[in-house]
Amino acid sequence: MLGASGYAGRELCALILRHPRLSLAYATANSQKGETAFLPGGGSVTFDAADAIDLDRAKLAFSALPHGASAEWVARAREAGVKVVDLSADLRIGNGASTGIPYGLTEWNRDAVRGAAVVANPGCYPTSALLAILPLLTQGLVAPGAVINIQASSGVTGAGLTARLDLLFGEITENYRAYGVGNSHRHLKEMRAMVEGKDVELLFTPHLLPVARGILSTITVPLRAALPDVLAPFRAQYASEPFIEVTPDLPELRQVNGRNVVRLTARAVDGLRAPTLQVFSAIDNLMKGAAGQALQNANLMLGLEEPMGLPQ
Ligand SMILES: NC(=O)c1ccc[n+]([C@@H]2O[C@H](COP(=O)([O-])OP(=O)(O)OC[C@H]3O[C@@H](n4cnc5c(N)ncnc54)[C@H](OP(=O)(O)O)[C@@H]3O)[C@@H](O)[C@H]2O)c1
């Protein structure tokens, strides 16, 4: 586990320690090297400096390093013959990475992930939004030329374990604000890449919620025609998916936090001339949005059962 002391890394260490078939070969940190941390759900881990480990002690490495720092370690791991799931954006589709590295949105890329030596795990916001949008796009239900409006709110762990004035408790608590406005957030690159070839545009506005974890996305989609059953496209797409819950109720963060699931629903919008759908999607940014999906991909890459060791 590279970058084990961060929010996503600690979550992954905890999942690995409880996994029936995996064991933790090493857990690296930068400034926290040598320190011991308690893990979510119990257990603890002591961090080694990244330069002090033998990468080839593992069959597969997870990299939860920051963008920019990760690609170099993925290359080192590959030189040591180790498979890698990279949680950073460095190798994701749309981010200038070389082709041939599957984008690990598992439910949409399972076959490519299964045979891959390296998988680029998606960002948290893109996981929440793409799982909601792709069924409508692939079933030809979206109005040509539509602007799909993604309004999403994330808990503060989405920003990583960084010391920043705007992320201090006093700035976050009892507060709520947009950021990355003007359609400028870095996650747009991978979302746009995943809808390439479809006649739609994406408008994405992230917000910061005064909670530790969880993302709720409200996505407004202009349709070709009103849908007789607004849940049918999602139920048809995800009928056999263990980690996607299509529900008539509006999803809430408390229903998904700590679980490797996305919870989805949809509603027809009243009072507009054009037929319009709203899709609501909730995930835990650290689980289905990061560590959980990374383990889902790793299970496939290692020939294990996909849901093994994952909290449903
Ligand atoms: N947080 C989320 O919700 C989320 C969701 C999806 C994807 N991701 C992605 O997953 C990755 C990890 O995210 P995070 O939120 O867990 O980040 P984080 O909390 O900032 O943790 C980063 C980790 O990398 C280590 N590190 C930092 N710079 C390093 C360097 N130059 N060399 C070696 N180790 C270094 C840190 O160790 P020290 O702290 O000891 O220095 C820490 O273990 C990021 O690329 C992020 O974009 C995060």
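**Overall fold**

Among contacts in the protein with a separation of 6 or more, 68% join residues 24 or more positions apart; two residues are in contact if their C-beta atoms, placed from the backbone, lie within 7 Å. The model is predicted, so local features need pLDDT of at least 70 and side-chain atom pairs count only at pLDDT 80 or more, while totals for chains, interfaces and linings use all residues. Residues are numbered from 1 along each chain as its sequence is written.

- The protein has nine helices and 14 strands, which are DSSP runs numbered from the N terminus (helices H or I, at least four residues; strands E, at least two).
- With a radius of gyration of 19 Å, close to the 20 Å of the globule rule for 312 residues, the protein is as compact as a globular protein of that length; the radius is taken over C-alpha atoms, and the rule is 2.2 Å times the number of residues to the power 0.38.
- Buried residues make up 46% of the 312, where buried means that 20 or more other C-beta atoms lie within 10 Å of the residue's own, all placed from the backbone.

**Domains**

- The protein is divided into domain 1 (7-122 + 289-301) and domain 2 (124-285), with bounds from an automatic or database domain assignment.
- In contact across the two domains are 17 residues of domain 1 and 23 residues of domain 2.
- On the side of domain 1 that touches domain 2, α9 gives the most, with five residues.

**Nonpolar core**

- The largest nonpolar core has 85 residues, and Leu 12, Phe 62, Ala 129, Ala 291 and Ala 294 have the most contacts inside it; such a core is a set of buried Ala, Val, Leu, Ile, Met, Phe, Trp, Tyr and Cys residues joined through C-beta atoms within 7 Å.
- Helix α4 (residues 124-138) gives the most to this core, with nine residues.
- Leaving aside neighbours within four places in sequence, Ala 294 is in contact with Leu 12, Phe 62, Val 85, Leu 87 and Asn 121.

**Ligand shell**

- There are 31 residues around the ligand, and Gly 3, Gly 6, Asn 30, Ser 88 and Gly 160 come nearest; a residue is near if its C-beta atom, placed from the backbone, lies within 6 Å.
- The largest share of this shell, three residues, comes from α1.
- The ligand lies between domain 1 and domain 2, because both give residues to the shell around it.

Terms used
A residue is buried if 20 or more other C-beta atoms lie within 10 Å of its own, exposed if 12 or fewer, and partly exposed in between; C-beta atoms are placed from the backbone.
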